[in-house]
Amino acid sequence: MSRRAADTTTIAAISTPPGAGGIGIIRISGPHALPILQTIFKPLNTACTFASHQLYYGWIVRPADGKILDEVLAVAMHAPRTYTRDDIAEIHCHGSFLVLQAILELILSLGASLAEPGEFTKRAFLNGRIDLTKAEAVIDILSARTRKGVDLAQEQLAGALYDRIDVIRRELIQIRAVIEVAIDFPDDDVEIVNKEKILGQLQETVERPLQDLQLRADQGRIFREGISVVIVGLPNVGKSSLLNTLLQEERALVTPIPGTTRDTIEEYIDLEGIPVRIIDTAGIRKYADEVEALGIERARVQINQADLILFMIDGSQKMGDAEIDLFESIRHKPMLVIVNKVDLPSTVSAKEYQLFQDRTLVRISARLQTGIAELKATLFSTVTTGKEQWQEDACSPNIRHKDALTRALGSCKRVREGLVSGLTADLLAVDLQECLDQLREIVGETTTEEILDAIFQKFCIGK
Ligand SMILES: Nc1nc2c(ncn2[C@@H]2O[C@H](COP(=O)(O)OP(=O)(O)O)[C@@H](O)[C@H]2O)c(=O)[nH]1
Ligand SMILES: [Mg+2]
């Protein structure tokens with residue numbers, strides 16, 4: 001993406017998803033947005049003045065031959081009170097891809113260029129309406145898999161992260177001002193006098209809040225990306241039954257025939273706001289036909305990539321060597337042991353349970369759906385242990401933010417050590433500036449073009 005803030009091109013795109021829908025929306029942004037609208041839109045009310053933010057009823061008419069392309073509602077929004085801060089026109093037509101395509105082609109033929117993914121939001125950012133954390137929040141809203149994920153993204157869009165960074169930044173600027181006084185008057189003892197005070201201020205108002213944000217990044221990652229949980233076990237222990245029970249739908253085939261599941265099947269569930277990808281696998285056994293063997297191979301790949309394994313055994317069957325071997329082969333992974341079919345008489349001996357002594361054990365009946373609430377609670381606590389202030393905070397930095405926070409903390413530490421060891425004020429100022437630059441990178445002021453492109457390319461076209 002090479003267009004910059006000063007860009008005066010007019011861009012257009014279909015902003016609603018592909019496929020048929022009740023309404024389809026085309027968005028045009030830039031200096032020609034309104035002239036283009038006036039050229040192709042014929043309002044019913046001929047006194048229409050295209051007043052800003054007013055919806056008008058009428059038709060899209062192709063000027064070349066007077067052909068009516070659709071009956072629509074249209075709105076003109078005058079800069080700067082718009083999504084991009086440029087003039088914007090929106091056409092709400094019937095949600096047919098063919099109709100939308102015809103109108104879009106007409107708009108492009110009048111000089112607009114097709115918007116790239118995320119270009120409307122990128123313009124909002126480049127024109128200074130939103131900072132980068134808010135632009136990223138827009139992507140998060142679009143891609144969130146749980147309501148909790150949406151809520152967190154909405155908070156970030158409202159400035160939850162930006163505001164915190166801004167407070168820290170103001171503190172840093174104050175500290176820098178004090179230190180700069182020492183640069184300007186090197187003969188005085190200014191910096192020595194204030195040293196303790198500066199150290200305290202640095203720790204309280206910069207380092208601690210930065211560390212606090214850094215801690216929350218793990219939580220942010222889990223809510224954004226979720227975790228993957230794979231159900232592993234011999235054929236017929238009830239893995240597919242558990243998947244179906246968790247999803248509350250008959251997603252996977254369940255039969256008494258061992259080897260029914262031949263491929264991996266995955267679906268998301270919402271675990272108190274965390275998107276959890278549950279993966280059902282082919283039961284692992286030695287003697288399998290070609291197709292099943294491929295399924296088993298896939299299961300092995302999933303096991304390697306999983307955040308957590310649910311190792312399932314059938315509580316009504318004695319454990320054999322194959323099952324013990326399977327357990328041994330994956331025992332180094334994070335795991336919960338699921339004893340299924342507790343509705344049947346148990347035959348698993350104490351000796352076998354000894355194998356799992358250092359593991360959390362959950363007893364369920366996938367068929368009767370007993371023990372499922374406990375399983376979910378155990379899953380949740382396993383995923384969230386060690387994460388501070390879990391769920392209590394609205395602020396959840398992403399990986400990019402975390403990386404910059406870590407570097408900012410590094411600079412901060414150098415300032416602190418420099419103060420203690422009596423580093424000269426001008427050298428302290430360099431580290432302070434670096435710390436500031438990392439914060440400016442988070443909000444998008446010093447972010448490279450490359451990173452910006454990478455961020456906005458994650459958007460869909462029309463956003
Ligand atoms: N009694 C009992 N049978 C179960 C239970 N869970 C699964 N089954 C049965 O065990 C057989 C294999 O189940 P399935 O989910 O296909 O196992 P998978 O091969 O591990 O995916 C089916 O006949 C299920 O109805 C359970 O909790 N209790
Ligand atoms: Mg199965």
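1. By class, the shell around ligand 1 holds six nonpolar, 11 polar and four charged residues. Here Ala, Val, Leu, Ile, Met, Phe, Trp, Tyr, Cys and Pro count as nonpolar, Asp, Glu, Lys and Arg as charged, and the others, Gly among them, as polar. In total 21 residues surround the ligand, and the closest are Gly238, Lys239, Ser240, Ser241 and Arg367. A residue belongs to this shell if its C-beta atom, placed from the backbone, lies within 6 Å of the molecule. Helix α8 (residues 239-247) gives the most to the shell, with three residues. Helices (H or I, at least four residues) and strands (E, at least two) are DSSP runs, numbered from the N terminus.

2. A word on what you are looking at: this is a predicted model, in which local features need pLDDT of at least 70 and side-chain atom pairs count only at pLDDT 80 or more, while totals for chains, interfaces and linings use all residues. Residues are numbered from 1 along each chain as its sequence is written, and chains are lettered from A and ligands numbered from 1 in the order in which they are written.

3. Now the domains. The chain is divided into domain 1 (11-130), domain 2 (139-223 + 398-444) and domain 3 (226-384), with bounds that come from an automatic or database domain assignment. Between domain 2 and domain 3, the C-alpha centres lie 44 Å apart. Seven residues of domain 2 are in contact with eight residues of domain 3, where contact means that two C-beta atoms, placed from the backbone, lie within 7 Å. On the domain 2 side, the elements that give two or more residues are α5 (147-157) and α7 (190-225). The largest share of that side, three residues, comes from α5. Its residues divide into two nonpolar, two polar and three charged.

4. Helix α13 (residues 399-421) deserves a look. Its 23 residues reach 33 Å from the first C-alpha to the last, close to the 33 Å expected at 1.5 Å a residue; the expected span is 1.5 Å times one less than the number of residues. His401, Ala404, Leu405, Ala408, Ser411, Cys412, Val415 and Leu419 are buried in this helix. A residue is buried if 20 or more other C-beta atoms lie within 10 Å of its own, exposed if 12 or fewer, and partly exposed in between, with C-beta atoms placed from the backbone. Just after α13, Gly422 takes a positive phi of about 80°.

5. The largest nonpolar core has 108 residues, and Ile28, Leu37 and Ala89 are those with the most contacts inside it. Such a core is a set of buried Ala, Val, Leu, Ile, Met, Phe, Trp, Tyr and Cys residues joined through C-beta atoms within 7 Å. Neighbours within four places in sequence aside, Leu37 is in contact with Ile28, Ala74, Ala76 and Ala89.

6. What does Leu34 touch, leaving aside its neighbours within four places in sequence? Its contacts are Phe50, Ala76, Asp87 and Ala89. Leu34 sits in helix α1 (residues 33-40) and is buried because 20 other C-beta atoms lie within 10 Å. Leu34 and Val75 are 41 residues apart in sequence and 9.4 Å apart in space, C-alpha to C-alpha.

7. Leu104, in helix α2 (residues 97-109), counts as buried because it has 20 C-beta neighbours inside 10 Å. Apart from neighbours within four places in sequence, Leu104 is in contact with Ala12, Ile14 and Ile26.

8. Some backbone geometry to check by eye. Most residues other than glycine have a negative phi, and most peptide bonds are trans. Phe50, which is not a glycine, has a positive phi of about 55°; the residue is found in the loop between β3 (41-43) and β4 (54-61). With 17 other C-beta atoms within 10 Å, Phe50 is partly exposed. His53 lies in the loop between β3 and β4 and has a positive phi near 60°. Is His53 buried or exposed? His53 counts as exposed because it has 11 C-beta neighbours inside 10 Å. The peptide bond from Ala79 to Pro80 is cis, with omega near 5°, and Pro80 is in the loop between β5 (68-77) and β6 (88-95).

9. Finally, Thr446 lies in the loop between α14 (425-443) and α15 (449-456). Thr446 is partly exposed, with 13 C-beta neighbours inside 10 Å. Beyond neighbours within four places in sequence, Thr446 is in contact with Asp437, Arg440 and Glu441.
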